[in-house]
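Reader: Hi, I'm new to reading structures. Can we go through this one together?

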Amino acid sequence: RHRWPMSWIYRREGELLLAYERLMATLATRSFFVTDAEVDLFKLLAPECGVRINAMCNGVDAEYFTPAADRASPYGSQEIPIVFTGAMDYWPNVDAAVWFATEVLPVLRLRQPAMTFYIVGRDPAPKVQALASQHVVVTGTVPDVRPYLQHAAVVVAPLRVARGIQNKILEAMAMAQPVVTVSSCAEAIGAGKDEGLFRADTTEDFAPAVENLLAAPSTGRYLGEQARRHVLDHFSWDAHLSGIDRFIEPSAQEVVHGT
């Protein structure tokens, strides 16, 4: 998406990073990727490493990311807060924030003038800082992201150039919030509307998805509960990390027996 020379620099970075990852995978006893799709892609790019590649999914601390009745709202009483969280010096997040603020938010505000877009995350890039206005709040670093998630009217993750499992989405779902995101991110999490994860890839899709959640608060609360249930069932750190035991235990036995 970048113009030359940045397009060349990113392409060169990708080539060098792949070469380094292939080298590390040949030296390692076992390499783990976050999803099966990433495993399949790396096996295609590095077939010599295929037998020592496995998937081990991301997780989220659902005890920490849980709604609390006594957690105060950071928003004004007249606001309708739409929230996007993440490290705001990361280019896919910058692109997402700029796109939503300039393309989607104006459409939404035609029907809901009180709508405010909160961009919550550390180190906002200059392009993100430039979005700040009466209806766009750029917080920078916050001491605790949970109040922003818990009291949001809608959580969005409009990541047009990101792939794989996004922890920011898992955290919002763990906070019992339905989320509107792009198809590629929703597919990686394996959830749909019934689990509180809505897919939208264009302005024409994104704005109605947000509006539908705003129009039915009780449905949104129910779907938020389903979102949290999905995280508890499928993205528990304990469950995921236990999957590495079968690879560690044989190595430990070899050390004990001096082999």
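Author: Here is a short walk through the chain, its rings, its cysteines and its surface.

Reader: What should I know before I start?

Author: This is a predicted model, where local features need pLDDT of at least 70, side-chain atom pairs count only at pLDDT 80 or more, and totals for chains, interfaces and linings use all residues. Residues are numbered from 1 along each chain as its sequence is written, and side-chain values use heavy atoms, with hydrogens and water left out.

Reader: How many helices and strands are in the protein chain?

Author: Eleven helices and eight strands. Both are DSSP runs numbered from the N terminus: helices are H or I with at least four residues, strands are E with at least two.

Reader: And what box do the C-alpha atoms fill?

Author: Roughly 70 × 50 × 30 Å, taken along the principal axes.

Reader: How much of the chain is buried?

Author: Of the 259 residues, 44% are buried. Buried means under 20% relative accessible area, exposed means over 50%, and partly exposed is in between, with a 1.4 Å probe and protein chains only.

Reader: Now the rings. How many aromatic pairs are there?

Author: The structure has nine. Rings of Phe, Tyr and Trp (its six-membered ring) pair if their centres lie within 6.5 Å; planes under 30 degrees apart are stacked, over 60 edge-to-face, and the rest tilted.

Reader: Why is the pair of F32 and F247 edge-to-face?

Author: Because their planes are at 70 degrees, with the ring centres 5.6 Å apart. This pair links distant parts of the chain: F32 is in strand β1 (residues 31–33) and F247 in helix α11 (residues 245–256), 215 residues apart.

Reader: Are those two buried or exposed?

Author: F32 is partly exposed, at 29% relative accessibility. F247 is buried, at 17%.

Reader: What about Y75 and Y118?

Author: They form an edge-to-face pair, 4.7 Å centre to centre, with 70 degrees between the planes. Y75 sits in the loop between β2 (53–55) and β3 (80–85), and Y118 in strand β4 (residues 115–120), so the pair ties together parts 43 residues apart in sequence. Y75 is buried, with 11% relative accessible area. Y118 is buried too, at 7%.

Reader: Which residues do ring pairs link into a cluster?

Author: W99, F100, F117 and F206.

Reader: What lies over the face of Y64?

Author: R146, at 3.8 Å from the ring centre. A charge sits over a ring if NZ of Lys or CZ of Arg is within 6 Å of the ring centre and within 35 degrees of the ring normal.

Reader: New topic. How many disulfides does a search find?

Author: Zero, across the whole structure. A disulfide here is a pair of cysteine sulfur atoms within 2.5 Å.

Reader: Where does G50 lie?

Author: In the loop between α2 (36–45) and β2. G50 is buried, at 15% relative accessibility. G50 and S31 are 19 residues apart in sequence and 9.6 Å apart in space, C-alpha to C-alpha.

Reader: Last one. Is W4 buried or exposed?

Author: W4 is exposed, with 70% relative accessible area. W4 is in the segment before α1 (6–27).
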